[in-house]
Amino acid sequence: MVLIVGVLSYRVTDSLVLTNQQDSLRADATLAAQQIESEINGLVRDARSLAANGLVRNAIVDSQGRSVYLQPFFSDYRPSGKVLFSLTLTDFRGQRVAHTYRGHQPGSYIGAAWLPAVINRAQTHVGHAEQDGLSVLTVAWPVIYPATGQPEGALVLEWRPKQLLSQVAGSFMYGADYA
C-alpha cells in the first residue's frame with residue numbers, strides 16, 4: 001500500500017512540476033514576444049516620424065546646404081528603443097544623402113527593385129534580404145517634399161533580427177535588461 005501511495009505521489013508531483021515548467025516557459029516566451037514587438041514597433045514608429053520630420057523633408061531637396069546640418073543630425077539620432085539598426089536617407093534616385101551608420105559608409109539604393117514603388121507611388125516597402133549570410137529586414141518610407149506633396153526621397157530602416165533575438169534572449173539568460 002505504501003508503495004502504491006509513493007508511486008502515485010511521485011506521478012502527481014512530477015506532473016505538477018512539469019506543468020509548472022511549461023507554464024513558466026510559456027510566460028517567458030510571451031514576454032519575449034512582447035519585448036520584440038515593442039522594440040520593433042517603437043523603432044518603426046520613430047523612423048516613420050523621422051520620415052515626416054520637417055527638417056528631413058526640406059533637406060531632401062536642399063542639395064547645397066544639407067551637408068552642414070543633415071548628416072550631424074543623423075549621426076546623433078538615437079531612437080527610443082535598444083534595437084541595433086541603421087537609417088539611410090536617400091534622394092529620389094536612391095543615392096545616400098545621410099545615414100546613422102557608425103564606422104563605415106553605406107552604399108546607395110540606386111537600382112533597388114523596391115525604390116520605384118516608394119518614390120513614384122509613395123508606397124512603404126517592407127522586405128527581407130541576406131547580407132553577409134545574415135537576415136536583414138528593411139522598411140522604406142517615402143519622404144514627401146512639402147512644397148510639391150510628392151516623394152523626393154526615401155528613409156530606409158534596416159535591422160538584423162538575429163541581433164534583436166540575441167538581445168532579448170540575453171535578458172532571460174542573465175536576468176538583466178537587454179542592451
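Under the pairing rule for aromatic rings, this structure holds 3 aromatic pairs. The rule takes rings of Phe, Tyr and Trp (its six-membered ring) as a pair if their centres lie within 6.5 Å; planes under 30 degrees apart count as stacked, over 60 as edge-to-face and the rest as tilted.

**First stop: two aromatic pairs**

Select tyrosine 77 and phenylalanine 85. These two residues form an edge-to-face pair, at 6.4 Å centre to centre and with 90° between the planes. Next, select tyrosine 109 and tryptophan 114, a tilted pair with 5.5 Å from centre to centre and 55° between the planes. A pair of aromatic rings is described by the distance of the centres and the angle of the planes.

Are tyrosine 109 and tryptophan 114 buried or exposed? Tyrosine 109 counts as buried because its relative accessible area is 12%, and tryptophan 114 counts as buried because its relative accessibility is 14%. Here buried means under 20% relative accessible area, exposed over 50%, and partly exposed in between (1.4 Å probe, protein chains only). Tyrosine 77, with a relative accessible area of 15%, is likewise buried.

**Second stop: the whole chain**

Now display the entire chain. The model is predicted, residues are numbered from 1 along each chain as its sequence is written, and side-chain values use heavy atoms, with hydrogens and water left out. Local features need a pLDDT of at least 70 and side-chain atom pairs count only at pLDDT 80 or more, while totals for chains, interfaces and linings use all residues.

The term pLDDT denotes the predictor's confidence in each residue, from 0 to 100. The protein chain averages 84 on this scale, and 89% of the residues score at least 70. The chain contains 5 helices and 5 strands, which follow one another from the N terminus as α-α-α-β-β-α-β-β-β-α. These elements are DSSP runs numbered from the N terminus: helices (H or I) have at least four residues and strands (E) at least two. Colour the elements by confidence: helix 5 (residues 161–174) has the lowest mean pLDDT, 70, and helix 4 (residues 115–121) the highest, 96.

Of the 179 residues in the chain, 36% are buried. The accessible surface comes to about 10,700 Å², and 57% of that surface belongs to carbon and sulfur atoms; such areas come from the Shrake-Rupley method with a 1.4 Å probe, and for residues only the protein chains shown count as cover.

Select residues 2–51. How far apart are the end C-alpha atoms of helix 1? They are 73 Å apart, which agrees with the 74 Å that its 50 residues should span at 1.5 Å a residue. The expected span is 1.5 Å times one less than the number of residues. Among the buried residues of helix 1 are Ala32, Ile36, Leu43 and Leu50.

Select serine 86, which lies in strand 1. Serine 86 is buried because its relative accessibility is 8%. Leaving aside residues up to four places away in sequence, serine 86 touches Thr100, Tyr101, Val156, Leu157 and Glu158; contact means heavy atoms within 4.5 Å.

Move along to threonine 90, also found in strand 1. Threonine 90 is buried, with a relative accessible area of 0%. Beyond its neighbours within four places in sequence, its contacts include Ile60, Val97, Tyr109 and Ala154.

Then select glycine 94, in the loop between strand 1 and strand 2 (96–99). Its relative accessibility of 0% places glycine 94 among the buried residues. Which residues are in contact with glycine 94, leaving aside its neighbours within four places in sequence? They are Ser108, Tyr109, Ile110 and Leu115. Glycine 94 and leucine 115 are 21 residues apart in sequence, and their C-alpha atoms are 7.0 Å apart in space.

**Last stop: two loop residues**

Select leucine 84, in the loop between helix 3 (66–76) and strand 1 (86–91). Leucine 84 is partly exposed, at 48% relative accessibility. Not counting residues up to four places away in sequence, leucine 84 touches Trp159, Gln163 and Gln167. The C-alpha atoms of leucine 84 and leucine 164 are separated by 7.3 Å, although these residues are 80 residues apart along the chain.

Finish at alanine 122, in the loop between helix 4 and strand 3 (125–131). Alanine 122 is not a glycine, yet has a positive phi of about 55°. With a relative accessible area of 40%, alanine 122 is partly exposed.
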